[in-house]
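Take a look at the model below.

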Amino acid sequence: MLVVSAHAADFVWRSGGTIAKYIKHGAEVHVVVLSFGVRGESNDLWKEENQTVENVKKIRLEESSKAAEILGVKNIEYWDFEDYPMEITRGRLDRLAQKIRETRPDIILTHDKKDGLNPDHDAVRNYVFQSSIMSNSAGVITPGFPVTKQMMLFGFEPHQTEISDFKPGTFIDITETYEQKVEAMKCFKAQGHLIEYYTQRAFMRGNHARRLSGVKEYKYAESFSNFFPRVASEF
Ligand SMILES: [Zn+2]
């Protein structure tokens, strides 16, 4: 699994339970954090006097690394792009395509196609999608890293679901790693107000997961959009 997160905490709020679950069951999970969210997602830190970009970056790195550790993530990279706006250059497309070829994921998790309040997330969705297509294309040459085959892509549920026209395509039960996710979320001091929000969301999605599956043990869940339709030999 490869998880591409626009900012330092996105992967935790939106897929922390799923990441921890996959790791717990033996999957190799790689996380790429594109930016520290210094400009756009560190508002509380900027309320402190004499705050600096370097210091905000340092705090966000510490918080994000600690959260990743709690989730069990061993492979995490911080690419340190500037955020707000997130600019995607040709070089950055090539870099991510190569990363996909290097990690060869069966599953990529990233932002969904529309976030009504966060254009960085939209940019990252397009970035990841384009790089995945490049990675799967034989004519795109990256010496030492052979072409990949089509992998599955899933989109994070955005913060403001309805405003972003998000429709869940897949629910992942995270009951067994829910507590781990809560502990990981607590690492982000500048965004403490989001913890209650995302615990409620996990509870609500757990309800949907139970209702749709009939499995009463599903207590908490995360939802994702499906980039592609499901393919099977039978229903
Ligand atoms: Zn973000």
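**A walk through the model**

The buried residues of α5 pack against α1, α2 (53–71), α6 and β7. Here, contact means heavy atoms within 4.5 Å. Buried means under 20% relative accessible area, exposed over 50%, and partly exposed in between (1.4 Å probe, protein chains only). Helices (H or I, at least four residues) and strands (E, at least two) are DSSP runs, numbered from the N terminus. The model is predicted: local features need pLDDT of at least 70, side-chain atom pairs count only at pLDDT 80 or more, and totals for chains, interfaces and linings use all residues. Residues are numbered from 1 along each chain as its sequence is written, and side-chain values use heavy atoms, with hydrogens and water left out.

Which residues of α5 are buried? They are Tyr178, Lys181, Val182, Ala184 and Met185. Seen down the axis of α5, these buried residues fall within an arc of 160°, so they line one face of the helix. The arc is that of the directions from the helix axis to the C-beta atoms.

Now turn to α6. Its 21 residues (193–213) should span 30 Å at 1.5 Å a residue, and the end C-alpha atoms are 31 Å apart, which agrees. The expected span is 1.5 Å times one less than the number of residues. The buried residues of α6 include Leu194, Tyr198, Ala202 and Ala209. The face turned away from the buried side carries the exposed residues His193, Glu196 and Arg211. Gly214 follows α6, and its phi is positive, near 80°.

Strand β7 holds Glu222. Glu222 counts as buried, at 3% relative accessibility. Among the residues it touches, not counting those up to four places away in sequence, are Trp13, Phe171 and Lys181.

Distant parts of the chain are linked here: Asp10 in helix α1 and His121 in helix α4 are 111 residues apart. Both Asp10 and His121 are buried.

Asp120 also lies in α4 (residues 119–135). Asp120 is buried yet has no salt bridge; the nearest side chain of opposite charge, Arg39, is 7.7 Å away. Lys and Arg count as positive and Asp and Glu as negative; His and the chain ends are not counted. A salt bridge is a side-chain nitrogen of Lys or Arg within 4 Å of a carboxyl oxygen of Asp or Glu.

The structure holds 16 salt bridges. One joins Arg60 to Glu63, with the closest N and O atoms 3.3 Å apart. Both lie in α2, three residues apart, about one turn of the helix. An α-helix has 3.6 residues a turn, so residues three or four places apart point the same way. Arg60 counts as buried, at 0% relative accessibility. In helix α3 (residues 90–103), Asp94 and Arg90 are four residues apart, and their side chains meet in a salt bridge (3.2 Å, N to O). Glu77, Lys99 and Glu102 are linked in a network of salt bridges.
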